[in-house]
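This briefing goes through a few features of the structure shown below, grouped by topic.

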Amino acid sequence: MMHQLAPITAVALTTFVALILIRSVWHKSQAFLETVGFAQGYGLVPDGWTPAIVRTLTVTEAAIVLALLVPPLHAAAGLMAAGLFAGYGLLMAVALSRGQTEIDCGCGGAPQRISGVTLARNAVLTALALGIATMPSGGLGPVAVLTGIAAGLTFAGLQSVAEKLASHLPNIRRAS
């Protein structure tokens with residue numbers, strides 16, 4: 001059983017990261033102008049470039065999700081996801097270093113201002129995606145695969161609750 005732990009963990013991480021990226025793709029697709037507005041709030045590129053950048057990121061995220069599902073591309077997809085999460089974290093860090101604390105991260109899900117919490121979240125997502133790239137995968141039976149998927153869904157549910165709670169932090173700070 002212990003020899004199956006790493007592949008089951010890889011399935012759980014892959015499920016979790018894929019769900020994060022699917023939600024992001026969905027958000028960018030369904031609320032495109034809102035996402036463009038969030039991205040423009042960072043002030044890092046000319047406003048006219050932002051729609052094309054958001055479209056490119058949407059396609060990139062969708063491609064990573066698809067690559068996560070193809071066993072020979074699994075490790076490369078983990079590296080691409082890690083790069084994406086690290087890049088988003090870097091953009092947030094640059095904005096924060098410039099004193100921009102009132103921008104929404106634009107990540108999808110519950111609205112969240114960029115902060116140390118969103119930077120930490122992206123660092124964790126980067127580490128998890130690197131885990132996908134380095135863990136062995138494959139060779140699992142249906143029960144083990146379903147166990148990994150269930151764990152990934154559980155992680156996604158917990159992350160959604162944590163994000164919702166984090167979205168209320170600015171209001172909690174003002175009330176106290």
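Which side chains meet in a salt bridge? In this predicted model, they are the side chains of Glu61 and Lys28, with a distance of 3.1 Å from N to O.

**Salt bridge**
- Because Glu61 lies in helix α3 and Lys28 in helix α1 (residues 5-30), the pair ties together parts that are 33 residues apart in sequence.

**Nonpolar core**
- The largest nonpolar core has 27 residues, and those with the most contacts inside it are Val17, Leu21, Leu68 and Phe85.
- Two or more residues of this core come from each of α1, α3, α4 and α5 (116-134), and α4 gives the most, with eight residues.
- Val17, when its neighbours within four places in sequence are left aside, is in contact with Leu68, Ala81, Phe85 and Ile132.

**Nonpolar surface patch**
- Leu44, Val45, Trp49, Ile53, Leu90, Leu91 and Val94 make a nonpolar surface patch of about 590 Å².
- Helix α4 (residues 74-97) gives the most to this patch, with three residues.
- Trp49, one of the patch residues, lies in the loop between α2 (32-41) and α3 (50-68), and Trp49 counts as exposed because its relative accessibility is 53%, where the cut-off for exposed is over 50%.

Key
Residues are numbered from 1 along each chain as its sequence is written. This is a predicted model: local features need pLDDT of at least 70, side-chain atom pairs count only at pLDDT 80 or more; totals for chains, interfaces and linings use all residues. Side-chain values use heavy atoms; hydrogens and water are left out. Patches are made of residues with over 30% relative accessible area and no salt bridge: like charges are joined within 9 Å, nonpolar side chains (Val, Leu, Ile, Met, Phe, Trp, Tyr) within 5 Å. Accessible areas come from the Shrake-Rupley method with a 1.4 Å probe; for residues, only the protein chains shown count as cover. A salt bridge is a side-chain nitrogen of Lys or Arg within 4 Å of a carboxyl oxygen of Asp or Glu. Helices (H or I, at least four residues) and strands (E, at least two) are DSSP runs, numbered from the N terminus. Buried means under 20% relative accessible area, exposed over 50%, partly exposed in between (1.4 Å probe, protein chains only). A nonpolar core is a set of buried Ala, Val, Leu, Ile, Met, Phe, Trp, Tyr and Cys residues joined through side-chain atoms within 4.5 Å. Contact means heavy atoms within 4.5 Å.
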